[in-house]
Amino acid sequence: MLHWALTLVLAAFVVAQARSLTLLQRRIDNLVRTLDDLRRNPAPLKPRAQTTAPVSPPAPVAELRPPVRAATPPPPVEPARAIPPALRTPVDDWSISDNDPAPRPEPRRASRPEPHPEHRPSSDLSWTALSTWLAENGLAWLGGGGLALGGLLLVVYAAQQGVFGPPLRVAAAVALGALMIGASEWILRQKRAPGGRHLLAAAVSAGAGAVTLYGAVCAAYTLYGMIAFPVAALLTAAISVGLLALSLRHGEPLALLALFGAVITPWVTGVGAWPTPVLFGYVLLIGVTGFGMSAVRLWAKAGLLTVIGLLIWSLSHRFDGGAALLLLAATGPLAAVLWRRKARSDDPEAPSSALFRHQPAVALILTSLTGGLIWLMSPVAHLPEAILVAGVLVALGAGLVVTGLATPAIFAVPVIVAVIGALMTLAFQPPPLAALPWLYGLMGVIVIATLVGALRSAAATRTTMLTIGGVSLAVLATLSWPLLDRLDVILPWLPAALLSAGMFATAPVIAQRVEQPATDKGLVFWLGGAAQLAFLSIHASVPAHLEAVAFALAALLLGAAASRLKWRGLAQITVVGGMLTLVVLFRPAFVNAALEGRLSLPLAMAISIGAAAVVYFSARLMRGQGGADRNAVEAQTTAALLTLLTGLFIGLHVLLSGVEAGVASGELFAAAMRTLLLLSAGLLLVTQRRTDEGPIATWRAILLTGAGVLHGVMAQGLFLNPWWGLGEAPVGLPVLNTLILSFLAPAALLALSARRRTPVDGWTRIWAVAGALFAFLWVLMVLRHLFHGADMSEAGIGLAESAAYAVLFLLTARLISAAAKAEWTRTLGVGLSWIALTVSALVFGYGASPWWGPQNTPMSSLPHVLLLLGLYAAGAGLAFGMRSRPDGLGKGARAVTVGILFVLLTLVIRAVFHGVAMHDAAPGSGLETWTFSTLWTAFGLATLSLGTIHRDATLRWAGLIVLLATAVKVLFFDLSQLEGIVRAASFLVVGALLLAGALAARRLSRGRPASDGTDPP
């Protein structure tokens, strides 16, 4: 199988270089076009004529030479120095011959001059150029590939057929490989051959010889056991070193092949036979050699291949995580680039140089992603090693940004990998307490790297780095403290508190270094991360019932700082503290404790009122800054007001309902209270809206109402829903119960907010739609409760229940369409109408059918049957009410109406003959079959007649479909099932009805005015 693996590698190598050859051919074409333009234009050639004139002083010789040189222009090929630099090829380009094509196969005709040849697409290759490329380069690729494959197949064939003994087979392969390498040297030395030496053929021949030698060594060691492991390892390494040496003559592709061979040598010779220290040293030698060649020769691809090889070997279980290899893979490209920058500062601005400069960033990304696997694969004992690698990569990322070798976004890769790795270690592989200082140290490394990198960078870079560092630290601390708390760690919030204190302490340093602290965005993100860590510490260290007071005091401290320091972000962080004060009052740990009596009412009221007063005082402190922070002051004042209202609402509820009410302690009830509070506050702000209010005052109503809508949809609508969620069943009468508080009350508040808000905008429309959604959910829950009572969360959906839901959909669409006055409400009504028609067609056509539907249990009683049939009739009536709607909706409504009525007629006939057992009843009698055929025909004729009278194509087609279906039934079913007089009567009655219908349709259509070929809706 080895020869197939090497063959695939060589094929990939060929494909990778094909693109380079195509680009090279295009550049050669541009070069030849430029030379042709220079020949046609004598002006640039005059200086060269002055330098060559003194070389031939004899007059007769000068007279003889011009006619000879006139046929083929003289050494104007020499003026290659006058070619623009953009068209020059690099010295190390391995695929260009010494005298690459000077004469064109088909010179440009003078009759078609091109004044601007650069506008001609370079990708338009002529057939002649294509044939030339295939003859020169394509054959070289095919020949080299054939040589390599032939050498491998020779070894395999000799081994399979036993033509020669093992020593002779291996010797023949070695001789063939050496012959190929010798041929490459011979090709490389043919400088005076016509057309110059063919560097591509030389490189391919050398690569084929190396592959053959690799195969010979592998056969000698693995197949025949002729040589010992040290000899095989030494020979494969020698082949790789030889290829590296030859690459100095043949170019980078041969170096890539050599590095690849060096990387796979231990696997070829059996990695288990290599002692771990020897293998480790060998891989390190590959890395040092690869990065050294990349730096000296400006070979970026060789450096990247070296990085990939080191990363692959770092995953080997032999190295227990491979931290040293990871660090070498990350730092090697950086060292190469820095050395090249210092030693060769005059490198040209070529694509290879750009790729070479970018390889440290690419290596950092690859190493960070590979290093993240250490967090998953290594045991907890190797956690310090993983954290050490992560810390070095974070510092290296900051160094790349400072030196200009990477964009600030690259710094996010090692930081994100470190954060995710630490969290996954805490979640899935809980470490011992002795390993926790390493995690705290990783947080400190992120802080220091971010701070140093940001202070030594420009403004835009500084903002990005501070954002990455601040956000990552906030996420790490926020998600780690519950995990640390689960491990019973003493003071699990202490790391977050220390990091917050450190970040706040370094904020003055950032403020001194930035240009304008009052407008710098990086300072905002840094302060935001510090504040998040501080809020986290408060949440983790303070009892639940005192959190509101603690957050209020934090907001007071931040407000005092905002009143004295002109830093951007302090006022906004103060507002966040005020909002958190309000939020914690809605936590079950506070609300449920107060409603159930575990927290005394005086203490709960004191906490709420005191927290509101402190938040209001923080707003008064911020007001000293002037009008610049008016929005923050307004927001903080609103937070204080809502905090006070929350406490008063809780106290009023306890006084009215007491602390023993079971409903008050339910999660659905608590969620409904929070939703109503948010929506009530939003409605209050909407009613007090002024024309001169600031942006915060304008947005606070939107944000509060939006938060109430989101909370209600997620809580009552999804997670705590009494039907499909975890909420408790409603308590009370069938309609007048707690569902009113959970769904109908939010719908009313949203409707009032949408009505009072002027002018109408997008938010008004969202509130109106949300109000309609809550009202729909209320009716839906009421119907579910009417059918199943307290068992509404467990029982299945019955036939009449599904029909009732379809009627609800149709009724909702009708009401919204009827109330639509604006364009957006009309569009919403059309969309809901289509949805309702689709749902009703599926439900009435299949889901609610007691005959052919999904439920095979008989209906419970005759009233149940009558209820179901009545719902069918109601659905048909509601669908028929949409018959005059435009844009195809009316046609769809008429079609659905005919379908529901047809199903209703069928079920009525079935119920008359079988009662409640319509599904499991025996096959019907002849009279029943005859009744179906007769009434179906009558129904079809009535529908066809109505369509003809009203010139309605939808009704005509619906009637025709019913009649055709009836005719098929009579022909194929009645003929085989009915007997005697009943069968004859079926055919006679149906035939007569069809004939009468045809006559009636003709008369009705002739009696109407001529149609223009179109039907009205």
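Glutamate 547, apart from its neighbours within four places in sequence, is in contact with His539, Val542, Val584 and Arg587 in this predicted model. The residue belongs to helix 19, which covers residues 547–564, and its relative accessible area is 1%, so glutamate 547 counts as buried.

The protein chain contains 34 helices and 0 strands, and 45% of its 1017 residues count as buried. Among the contacts between residues at least 6 apart in sequence, 74% join residues that are at least 24 apart. The chain exposes about 49,100 Å², and carbon and sulfur atoms supply 70% of that area.

In soluble globular proteins, nonpolar side chains tend to be buried together. The largest nonpolar core here has 152 residues, of which Val283, Trp375, Phe411, Ile510 and Leu780 touch the most other members. Helix 13, made of residues 383–402, gives the most to this core, with 11 residues. Phenylalanine 411 shows what such a position looks like in detail: leaving aside its neighbours within four places in sequence, it is in contact with Val394, Gly397, Ala398, Val401, Thr450, Met465 and Ile468. Another core lies apart from the largest one, with 32 residues that include Leu837, Phe844, Leu868 and Leu907.

Tryptophan 723 and tryptophan 724 form a tilted pair, with 5.4 Å from centre to centre and 40 degrees between the planes. Tryptophan 723 has 15% relative accessibility and therefore counts as buried, whereas tryptophan 724, at 41%, is partly exposed. Tryptophan 723 also forms a tilted pair with tyrosine 805, at 5.6 Å centre to centre and 35 degrees between the planes. This second pair links distant parts of the chain, 82 residues apart, since tryptophan 723 sits in the loop between helix 25 (695–719) and helix 26 (739–756), while tyrosine 805 is in helix 28 (residues 799–819). Both of these residues are buried. Elsewhere, ring pairs link Trp851, Trp852, Phe902, Phe932, Trp936 and Phe939 into a cluster.

Note on methods. Residues numbered from 1 in each chain as written. Predicted model: local features only at pLDDT ≥ 70, side-chain atom pairs only at ≥ 80, totals over all residues. Heavy atoms only, no water. Core = buried A, V, L, I, M, F, W, Y, C linked by side-chain atoms within 4.5 Å. Buried < 20%, exposed > 50% of the residue type's maximum accessible area, 1.4 Å probe, protein only. Helix = DSSP H or I, 4+ residues; strand = E, 2+ residues; numbered from the N terminus. Contact = heavy atoms within 4.5 Å. Areas by Shrake-Rupley, 256 points an atom, 1.4 Å probe, with all protein chains shown as cover. Phe/Tyr/Trp six-rings, centres within 6.5 Å; stacked < 30°, edge-to-face > 60°.
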